[in-house]
Every structure is written in structure tokens, then in C-alpha cells.
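Hi there,

Here is the structure I promised to pass on. Please have a look, and then read on for what turned up in it.

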Amino acid sequence: MATKPPAADIDESLVHVTRPKKVAVGVPAVLHALQIANEQMGVTRSVQTLLRVNQKDGFDCPGCAWPEEDKRHVAEFCENGAKAVAEEATLRRVGPEFFAARSIDELRAHDDWWLGQQGRLTHPMLLEAGATHYRPVEWDEALELVADELRGLDDPDEAVFYTSGRTSNEAAFLYQLLVRGLGTNNLPDCSNMCHESSGSALTETIGIGKGTVSIDDIHQADLLIVAGQNPGTNHPRMLSALEKAKQRGATIIAVNPLPEAGLLRFENPQTVRGVAFGGTQLADGFVQIRLGGDQALFQAIGKHLLEAEERDGGVLDHEFIAAHTSGFDAYRDAMRDAQWPELVAATGIPEDALRRVGEAVRISKATIVCWAMGLTQHKHSVATLRDVVNVLLLRGDIGRPGAGVCPVRGHSNVQGDRTVGIYEKPSEAFLSALDREFAFAAPRAHGYDTVEAIRAMRDGRVRVFLGMGGNFVSATPDTAVVEAGMAKVGLTVHVSTKLNRSHVVTGRRALILPTLGRTDRDRRAGADGSLREQRVTVEDSMGAVHASRGRLAPPSEELLSEVAIVARLCALVFGEGNAAARPPEAPVVDSDHALPEHGAAEAERPDPAGVRHPRNVPHADWGALEADYALIRAHIERVIPGFDDYEQRIDKGRTLHLPNGPRDARRFATADGRARFTANPLEYPTIPEGRLLLQTLRSHDQYNTTIYGKDDRYRGIHGGRRVVLVNALDIVALGVAEGDIVDLVSEWNRPDGTVEERRAPEFRVVAYSTPRGNAAAYYPETNVLVPLDSVADVSGTPTSKSVVVRLERREPPTA
């Protein structure tokens with residue numbers, strides 16, 4: 001039987017610390033996952049639900065985007081996937097009576113864990129201006145309220161439309177059509193805060209904003225460098241792929257400031273070896289790099305390879321370089337000028353250790369570099385990732401088996417959402433195809449990304465905020481600024497499955513629109529009144545698209561799917577009877593440029609229709625699209641290359657692999673049609689005396705902003721979250737002691753020379769293995785420390801992995 005939700009918030013005074021683990025997963029992980037599943041769903045529902053996760057006739061895990069092999073295990077889920085499913089398929093409910101009993105001020109006082117543990121939302125809820133409580137509202141009234149606000153805007157840019165990574169392709173495609181039909185490209189998404197630096201660097205250098213490897217490539221790699229990533233917590237199923245590569249003879253090098261258990265030893269609970277014989281040692285080498293030193297590491301690798309080529313020859317793939325790349329000479333000259341002492345200083349790694357990594361790349365027959373937020377959330381992240389590409393180009397490790405770039409996406413469909421149009425800077429090819437398909441003129445001017453959207457809210461330029469999933473307030477940087485900006489918005493609307501902080505930090509009016517989750521059965525009424533079961537599709541981290549179909553009865557008859565919510569808004573805003581026949585010829589566009597992340601971003605340009613006419617709206621049969629998601633897929637097929645025979649290719653559990661020019665044919669959709677070497681000046685953070693460089697990260701009982709529990713057992717943290725991990729020598733040097741309670745105060749040097757400070761109070765100091773001068777603490781508690789205007793060059797990603805802080809010891813209260 002499922003347990004009741006907690007009555008109180010996390011008591012941080014109960015935190016206790018044990019030794020960090022050196023082994024990931026194993027039987028303890030299975031038991032912990034089953035415990036949480038039972039608490040949320042009960043035994044029978046847990047078994048029935050978990051056996052459907054990531055199966056061909058089941059639903060896609062609402063957690064990470066790691067791909068599945070064609071042959072599936074009966075238990076095709078990991079510990080954190082089981083937690084994600086349990087959170088969504090919970091038997092706990094949050095209905096009108098819940099809100100009637102609790103004021104908005106009372107809800108706002110609770111922590112993120114308590115809010116998330118209350119259960120599934122069951123009814124649309126409205127918070128009127130000045131009201132103390134949410135009240136229930138019927139769907140027609142709720143959607144008409146949103147439509148009225150959108151129709152009444154003086155300028156479409158007064159609205160912001162956020163998207164989380166769990167939204168399906170069908171809902172996301174319809175959502176971007178709604179937004180562009182209104183006349184704006186204000187489509188910030190969670191990718192802006194995580195892999196935007198990856199997309200920026202890869203689009204520039206290889207012509208596609210995605211990775212170039214498949215799951216089979218991971219298995220076939222000779223060398224895997226896993227940098228700035230903690231798969232044991234964030235993508236546990238990746239460990240099985242690494243284990244398979246290891247068993248086939250691969251070398252694995254882990255690059256990270258913290259020694260993460262998942263990259264040390266993996267006990268696969270699905271094998272006898274994992275359960276009974278101690279599992280598999282994954283990493284052959286651990287490079288404990290300083291925060292922000294990754295660019296220097298990859299420059300050191302490149303310099304070592306070039307020196308070996310000059311000395312011995314036979315190192316570089318000259319045929320590939322000559323036939324498929326440009327810019328090699330400038331890159332070679334820049335690496336000749338790079339100085340080993342500076343590379344050592346930037347990384348904190350001795351020269352001989354840096355050369356050992358370079359030598360591993362030199363002797364490798366096929367190298368893959370995997371990375372996540374540790375590389376993407378620094379000021380110089382795009383330059384870092386350009387240097388990752390440089391190393392791979394030297395050896396021809398793009399476009400051949402077992403080799404390539406592998407940005408490991410976090411949320412389950414964040415890559416798919418971008419593919420189908422969730423992007424504030426869409427390509428001209430995509431917009432032109434959209435125009436032809438829906439007989440209107442989409443806006444061309446670039447919209448707000450996440451940081452720009454927050455600035456607009458801060459400045460009072462946003463009247464409507466609509467969030468399709470996610471938890472914007474807790475996911476974004478500079479919490480105080482975000483909360484103050486939200487309060488200035490006239491109407492905030494959140495399409496959600498569960499309660500979160502964004503529902504209690506609101507605009508002057510607020511709507512909560514409850515929606516179906518991945519686990520829920522989705523039946524829509526057709527024209528004849530009969531109910532038809534729907535399926536949606538998602539794209540994994542490696543460009544493979546597959547269907548997902550929930551099987552559980554929805555937690556309430558009041559719920560609508562995301563598709564239904566958006567389709568009804570389109571009908572209200574654009575008119576129900578505006579359907580028009582599709583032009584007879586489907587648009588023809590180059591496949592590498594058509595997807596929004598593919599090809600160089602188009603320069604900002606005026607709307608080709610001039611001043612937007614009130615009837616310049618997309619034409620479609622919105623009721624039919626709500627009733628049959630296959631019709632939406634038919635539109636996607638005609639607009640976006642690579643989705644040919646969409647419906648047939650996802651049938652019976654099959655996977656549709658999207659085209660990937662670099663991987664499929666060593667074709668690079670750059671300006672000159674070649675992969676680009678780049679010469680990047682070396683950058684790395686400097687840390688003022690008496691300060692630390694802080695990275696924000698997840699605990700093990702957490703996925704993005706969703707907190708499943710109070711522990712981070714791999715790191716030895718139990719019962720709480722407000723801890724800061726600091727090198728033992730730094731603790732002494734800073735004049736504090738382990739166990740002290742400190743405030744974290746961030747210091748940011750503004751361009752005008754002034755220093756801004758932000759404060760996160762009451763963190764317990766924990767001695768931990770991290771490089772001198774570096775520290776780590778969990779988000780969202782530390783998001784308040786990340787300055788809004790401290791962003792990565794080019795991509796605009798918040799610099800959440802390089803925050804300068806000082807520790808201020810709090811004196812114990814007097815008796």
C-alpha cells in the first residue's frame with residue numbers, strides 16, 4: 001500500500017555523513033528503487049508499471065534520454081528511472097480540497113521535496129489576483145482565460161512559452177505552432193540551461209547540433225572519455241553500455257572534479273557477475289580536473305598528438321583532414337603556441353598525466369568523447385567543446401564506427417522537442433516549410449532564450465508566461481530575480497502533472513492545468529464519439545525516435561493531454577473553422593539544415609509578411625489533431641526531413657533513426673561543407689584568495705528539480721541537502737571546521753567593475769575529495785548564487801559550474 005505524503009519539510013539538522021561509495025548500483029540500488037516505488041504506488045501497481053518501462057509496447061521512461069538497444073531486458077529501467085516512474089504513477093492526489101485547506105503563503109513556505117511528494121494534480125486550479133487560495137475552475141473557463149490574455153496582447157513578444165524536456169514530439173510541434181501563430185519565437189526551453197553550449201559548438205564545427213554516435217558505437221569504441229558527467233546518478237543505464245564496451249576491450253577514462261562511484265565500479269544487478277562477483281571496474285583512469293579546466297585538457301591532448309605526429313608520423317588521419325576539414329593549419333599553429341605549464345595550471349594535472357591521456361587517444365582505433373553539464377555550464381564552454389571536436393578531427397574520429405561526439409542529454413525528450421521546433425532561433429528552412437504546410441507566415445525575428453525571458457520578466461515586459469511541463473522557478477539561475485520577475489507577470493500558466501515551486505511563486509493571476517503523464521492511458525474521442533487510444537513519440541539522446549503509450553488509468557477524469565490542451569488553445573485563439581487544404585507539393589529542403597538545431601542559425605530578419613495581420617494564423621483542423629495524434633505526425637513528416645513514413649516506422653515498437661550527416665556520410669552542413677578546426681584562446685577560471693569555485697549538482701535522490709528523497713548515498717550524505725563539499729585542506733585554510741554551518745556568498749564581477757553578492761544560508765561543511773579551490777553543492781538550493789548575467793559566451797547558458805563563493809561561518813545561537 002502506498003504511504004501518505006510527508007507532513008513536514010526536510011529537517012537539515014538531521015544530516016549525517018558517511019564515507020562515499022566506490023561502487024554504483026548493485027542490490028542496494030534495486031532495493032532502494034523498489035522501496036520508493038512501493039511507497040508511491042503499492043506493490044501490485046509497481047510491478048505492473050515498471051515492467052512496461054522502455055518496452056516496445058510500453059512507455060518511455062520520463063527520466064533520462066539514454067537510448068535502448070533493439071533487444072530489451074525484461075527490466076529495462078534503472079534506479080532513478082524507477083523513482084521517476086513512481087513519482088508520476090503515484091497513488092497520492094492533489095485535488096481541490098488540498099488547495100482549499102492550504103493558502104498560497106502556506107504552500108510557498110514548504111520546500112521543493114515536500115511540494116513534489118504531495119502527489120498528482122487532478123483538477124484545473126485558478127489563483128485570482130489578490131486571492132489567498134487556489135480555487136477549482138472548469139477547463140472551458142481556464143482555457144478561455146488563457147486565450148483571452150493571448151488575444152489581448154499589444155505585442156506577441158509580451159508572452160513567453162517555456163518547454164521542459166518531457167513534452168512529446170506531438171505536443172511540442174503543436175505548441176511551437178501555437179506560439180509562431182501568435183507571432184513570436186519566444187520559446188525558451190530547458191536545453192538553454194544545459195546543452196545549448198553543445199548545440200552551439202557542434203553546429204559551428206560539424207554542422208549538426210547533436211551527437212554523432214549510436215548505442216552500437218558506444219559498444220564498439222576502443223576509447224571512451226567521459227568528461228563532466230556522473231552517469232551513476234544522472235544516466236544509470238549508460239553504465240550497462242559502458243560495461244559492454246569494457247568487456248569488448250575498451251579503455252574508459254573518467255574526467256571529473258569529483259570521484260563518482262558510477263565511473264569507478266559498476267555492479268550490474270541484471271547479471272550474475274554484478275550480483276555475486278563484485279561487478280566491473282569501469283574507469284581505467286580518473287583525471288581529477290579542476291573546475292573549468294576541460295578546455296586545457298583537450299588542448300593538451302591535441303598538442304600531444306601534434307607533437308607525436310611531428311616526431312614519429314602516422315598519428316593524424318591526413319586523408320580525412322584533407323578531404324573533410326578546414327582550418328587545420330590555424331589550429332596546429334595555435335597548439336604549437338600553447339604552453340605546457342599553463343595547461344598544467346589550468347587543469348591541476350601534471351604534464352605526464354596529461355600526456356598519458358593524449359597517448360591513450362593516440363593509440364586508440366576509435367574514440368568517443370561523452371560529456372554533460374560539467375563541460376557546458378562555464379563561460380568558455382563553447383570554446384571547450386570546439387576543442388573536443390578538434391581532438392576527434394585529428395584522428396578522423398567522426399563518421400566511423402565506434403567514434404564521435406556524444407553529448408548525453410538529460411531529460412527524456414529534450415532533443416526531440418528541439419527537433420520539432422522548440423527553439424527561439426529557428427532556421428529559415430524550418431520556418432519556410434512550416435509556412436507552406438500551414439498557409440501562414442511565421443515570425444522570423446529571434447525570440448527569448450531562458451535568460452533573456454527572465455530579463456524580460458524582471459523588466460516588466462512579459463504579460464503572459466506559459467510553461468509546458470517543468471519547474472521554471474526552481475530550474476533557472478538567480479532565484480531572487482526569477483521570483484521577483486514572476487510576480488510582475490499578469491498571468492502565469494503551468495501545464496503540469498505534479499505540484500512544484502512554480503505553482504506557488506506566481507504572477508498576479510495563476511493557472512495550474514493538470515495533464516496526463518507518460519504512464520497514463522490517453523484516449524481521445526473521435527468524430528464518431530468513440531474513444532481511440534493514442535500514442536506519442538520521443539527522441540533519445542542519439543537521434544532515435546520511438547513510440548510511447550501509457551497503460552495506467554489517469555489519476556482523474558479531469559485531466560487533458562498536453563496535445564488536447566494546446567489544440568484547444570489553438571482553436572480558441574485562431575478559430576476552429578480555419579482549416580485549409582495542404583498545398584499539393586510537400587516542401588523539399590536540405591535535411592541537415594531543416595532541423596532547428598541543424599546548420600548555422602539564421603540571422604535575425606523581419607517577418608516576410610511585414611506588419612502582422614490579425615488573420616496571419618496557421619490553418620489546421622484543431623479538433624481533428626486533438627482526436628488523432630497520427631495527423632500531427634503527418635504534419636511533422638511533411639515539415640521536417642527524416643520523418644518519412646513516420647507512422648509505419650514507429651509501428652510495432654520499431655525505431656526511426658533520424659538522418660545524421662556527419663555519422664551517416666561524413667557530410668557536414670557548415671558554410672564550406674567541411675568539418676571545422678578552430679583555434680580557441682585558452683580560458684579557465686581564476687579563484688581569488690580566500691574564495692572557492694562552486695559547482696551546482698544533483699544528489700542521487702534527485703532528477704533535475706524533482707527531489708525523490710533526502711539522501712545522496714553514493715557521496716555519503718544522508719538526511720538532508722544543505723551541504724557544501726570542500727577539500728579538507730581548504731577547510732583548514734579558510735578557518736572553518738568540518739560540520740560548521742556557513743552561508744555561501746557568491747561574488748560576481750560585473751563588466752562595469754562592481755561586485756554583486758548573493759547569499760544561500762545555512763550549509764553544513766563536509767570534507768570531500770575535490771580539487772583544491774573547488775567546492776560543490778546541490779541545486780536548486782544554490783541556484784540563488786548563479787548571477788543571471790553570468791552566461792556562457794555564444795550559447796547564453798548560465799555558468800552554474802563556476803560560481804565564485806566565500807564561506808561565512810554562522811555563529812551558533814546564544815542560549
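Before the sheets, a word on terms: two strands count as paired if DSSP finds at least two bridges between them. Strands (E, at least two residues) and helices (H or I, at least four) are DSSP runs, numbered from the N terminus. Please bear in mind that this is a predicted model, in which local features need pLDDT of at least 70 and side-chain atom pairs count only at pLDDT 80 or more, while totals for chains, interfaces and linings use all residues. Residues are numbered from 1 along each chain as its sequence is written, and side-chain values use heavy atoms, leaving out hydrogens and water.

Let me start with an open sheet of 6 strands, with mixed pairing and the order β6-β5-β18-β17-β16-β7. Its edge strands, β6 (135–136) and β7 (159–163), each pair on one side only. Within the sheet, β16 (residues 464–468) runs parallel to β17 (residues 491–496), with 5 bridges between them; F465 has T492 in β17 as its bridge partner. Helix α26 (residues 562–574) lies across β16, β17 and β18 (509–514), at about 150 degrees to β16. Such angles run from 0 to 180 degrees between N-to-C directions, with axes fitted to C-alpha atoms, for helices over the stretch in contact; contact means heavy atoms within 4.5 Å.

Now the interior. A nonpolar core here is a set of buried Ala, Val, Leu, Ile, Met, Phe, Trp, Tyr and Cys residues joined through side-chain atoms within 4.5 Å. Buried means under 20% relative accessible area, exposed over 50%, and partly exposed in between (1.4 Å probe, protein chains only). The largest core has 67 residues, and L150, F161, Y175, L511, L513 and W622 have the most contacts inside it. Helix α26 provides the largest share of this core, 10 residues. Leaving aside residues up to four places away in sequence, L150 touches A159, F161, L182, V464 and V573. There is also a second, separate core of 51 residues, with A227, L306, A346 and F677 among them. In soluble globular proteins, nonpolar side chains tend to be buried together.

How many aromatic pairs does a search of the whole structure find? There are 11, where rings of Phe, Tyr and Trp (its six-membered ring) pair if their centres lie within 6.5 Å, and planes under 30 degrees apart count as stacked, over 60 as edge-to-face and the rest as tilted. F173 and F438 form a tilted pair, 6.1 Å centre to centre with 45 degrees between the planes. Because F173 lies in helix α8 (residues 169–182) and F438 in helix α22 (residues 428–438), the pair ties together parts that are 265 residues apart in sequence. Both F173 and F438 are buried. F465 and F472 also make a tilted pair, at 4.8 Å centre to centre and 55 degrees between the planes, and these two residues are buried as well. Elsewhere, ring pairs join F98, F99, W114 and Y134 into a cluster.

The hairpin has 5 residues between its strands, and G753 in the turn has a positive phi of about 95 degrees. N749 stands opposite V755 in β31.
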